[in-house]
Amino acid sequence: MFDEMNGDDGARPPYCGVAHWLDTLGLATLDGKRREAETLFRRSGITFAVYGEGGDPERLIPFDLIPRVFGRDEWQRLAAGIVQRARALNAFLWDVYHRGEILRAGVVPEALVYRNRAFLPEMVGFDPPGRIYAHIVGIDLVRTGPGEFRVLEDNCRTPSGVSYMLENREIMMRMFPELFAGNRVEPVDGYADQLRATLEDMAPRHGPRAPVCVVLTPGPFNAAYYEHSYLADQMGAELVEARDLFVDDGALWMKTTRGPTRVDVVYRRIDDEFLDPLVFRPDSYLGVAGLMDVYRAGRVTLVSAPGAGVADDKAVYCYVPEMIRFYLGEAPVLENVPTWQCALPEHRDHVLTHLDELVVKEVHGSGGYGMLIGPRASAAERAEFARKIAHDPAAFIAQPTLSLSTVPTLTPRGIASRHVDFRPFCLVGRQIRLTPGGLTRVALREGSLVVNSSQGGGVKDTWVLSE
Amino acid sequence: MSTLSRTAADLFWMARYLERAESMARLVEMGARVAMLPARGVTARDEWRSVALAAGCDGYFDPEASSVDAIILGLVVDRENPSSIASCFERARANARSVRTALSVQAWESLNETWLRLDELTVSRVLHELPQVVDWVKGRCAQFRGAADATLLRDDRFEFARLGLLIERADTTLRLLDVKHFVLLPETQVVGGDPDRHRWTSILVATSALRAYHWVYRGDYSPERIVDLLLLNGSCPRSYAFCYGEIVQALEHLARLYGARHACHTSAAATLAAIGDTAIGDVFHTGLHGFLTEAIGGNNRLSREIATAYHF
């Protein structure tokens, strides 16, 4: 098991500053600071909303004070791999909604795309501005050794968590100014400006006036509402709900105190199926009737493009290294986790005979739900999954249980190693922008590999050192 | 410049609910004071019932069944009562949360912290430490206003919030003066017996205007002068005249920003002019209750005209 801070002979170089800081601070001070941080998060209302489950509807994601650190060289390699992947995923999306060259070449099976429920026939033949579909690509990475990073999952629709990247840093800088004075940490606070620039890049018309960009949220009851309002605030954009928007005269408008104002770009934080009740789910109250017509006429830009989800499910994931070779003619910088696709008979046989070693995931599942962690599961749970796989093999993939890296974390019984993953956020507009940092999620339970906030995960500030 | 109509509405109502929370705290303070020395022939419970009436909560309480404690709890913490202090904070915070981007961090955090600390208003604290609870509420409201005043951009959104506060405050002052309790008291001569005097001074306490009264009128309490201070004196910050002076200013600022005037501009200016032309003697001559009823109606009308003019 690889611990990112503690090497065989003392702290690994990127962590020297943090290790020294922990030594001088002491456990009691750290625990006091932890409570202080929690108060700060509560007071700012940095919560995720869980309505309808009883208990406190606005919950805090546990924040761990000990930062996760990447050295400059580590980051440069990661960044190259992240950007490469974001380019390939967008090339793939344009291709599958046009001639489908990668399918004709037999590199990716047609069924994976055309029979995917995220594939939208409405998008076939349509050219979004800049041929970009996934403008914010969140790539989930795990680390298994000093130089070993692997991609666990791609998120091409509306990856969340970036507000935690920004707020975690704000809180850390507020609480431990001396820590930042002694370490050269790359700033992350340019993210919102870069997001705004990315949105403005994508505006269908460019007049003398800056384009009007809005953030479309399902509303205050959505789990990520805080993030929606935070990003709108940081960008100086309006945070709108469906009831603030309407379609008229071939354009999208928002209702303002001066009357209707035309909207150019919508950063939508609602799913495809809710976008437009006339085209998708007729019972959607979250979308705007007629929006898809205006979009297809090129008079408003949706970020991300509808149908972008076809690039990020767990079965298509297996082919991303091939996409990189196919579209970019490059060797992948970041490797995938070896993955067995239950849809393929020989893979399925392997999975069924090795269930006790593998992690089985639903192709369309997310949030850490609907998965089997073979080595931890009971015989009955494994039998249950074997039945499910036999019943609908294409719905499952399996991966070896990885030994995720650990980072020291403050626990009720002192500082201990806990497993982490990492989600950087890559912005794709007329140019590609990558903030040096991202969201580190940590599994707070001892030995646990599940980092999802819905299942007891926490977050850490993530540093990229500039020297 | 323009603002989302929903944002304008939420800011307007956020400010109204906050002002309502504070008004309620002031009414409770007045109630506690009056009930300590009830007038001849009435009980403490009767006095609290008139407070509930002034607060517009008469529909919520069963006047026969409610005990003093039930009324106090109903006015302060009961979430079933939409006008209780806790409910007002709850709604103000819900409005603010959906327009967070229109508030400064400091203003939002002040309101959010108030909301987080509502749990501290336990039943036993409300019943046993009522003065401290009232002070806490007034303090939280003042802190929010201070944060807003020091950090909010003076744009149209600021004016929508300001209009909400002023419309609510005008409404509260008018209703306070309209409580039967006060209207039925002798109006023309210097206040006589101690209980009467106690009530009239309580209204000054509820509006934090006791010291202002002495400063302006330097003499005995008379109903005419007290009503004059709260209706027609434009320098008293809770008076009807003051509220309308500020409302006209806020609307004029909006007219400059937007380059357009609406029905609400005409109505507010007309009301302010009429206040300037009114002498307190006339008010009492034609009847205070009639004057107040008309003013409350006009204030509600103005609120609707503002909403229509700015599409919310």
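# Domains, contacts and strands

Author: In chain B, the centres of domain 1 and domain 2, taken over C-alpha atoms, are 20 Å apart. This is a predicted model, in which local features need pLDDT of at least 70, side-chain atom pairs count only at pLDDT 80 or more, and totals for chains, interfaces and linings use all residues. Residues are numbered from 1 along each chain as its sequence is written, while chains are lettered from A and ligands numbered from 1 in the order in which they are written.

Reader: Why are there a domain 1 and a domain 2 in chain B?

Author: Domain bounds come from an automatic or database domain assignment. For chain B that assignment gives domain 1 as 1-151 and domain 2 as 153-312.

Reader: What makes residues of domain 1 and domain 2 of chain B count as in contact?

Author: Two residues are in contact if their C-beta atoms, placed from the backbone, lie within 7 Å. By that rule, 30 residues of domain 1 of chain B are in contact with 29 residues of domain 2 of chain B.

Reader: Which element gives the largest share of the side of domain 1 of chain B that touches domain 2 of chain B?

Author: Helix H1(B) does, with 20 residues. Helices (H or I, at least four residues) and strands (E, at least two) are DSSP runs, numbered from the N terminus.

Reader: What makes a residue on that side of domain 1 of chain B nonpolar, polar or charged?

Author: Ala, Val, Leu, Ile, Met, Phe, Trp, Tyr, Cys and Pro count as nonpolar, Asp, Glu, Lys and Arg as charged, and the others, Gly among them, as polar. The side of domain 1 of chain B that touches domain 2 has 16 nonpolar, 6 polar and 8 charged residues.

Reader: How many residues of chain A and chain B are in contact?

Author: The contact joins 19 residues of chain A to 18 residues of chain B. On the chain A side, 5 are nonpolar, 7 polar and 7 charged.

Reader: How do you know that strand E17 and strand E19 of chain A pair?

Author: Two strands pair if DSSP finds at least two bridges between them. Strand E17 (358-362) and strand E19 (396-400) of chain A are joined by 5 bridges and run antiparallel, so they pair. Leu358(A) stands opposite Pro400(A) in E19(A).

Reader: Why do strand E16 and strand E18 of chain A stand at the edges?

Author: The 4 strands form an open antiparallel sheet in the order E16-E19-E17-E18 (chain A). Strand E16 (340-341) and strand E18 (371-373) of chain A each have a single partner strand, so one side of each is left without a neighbour in the sheet.
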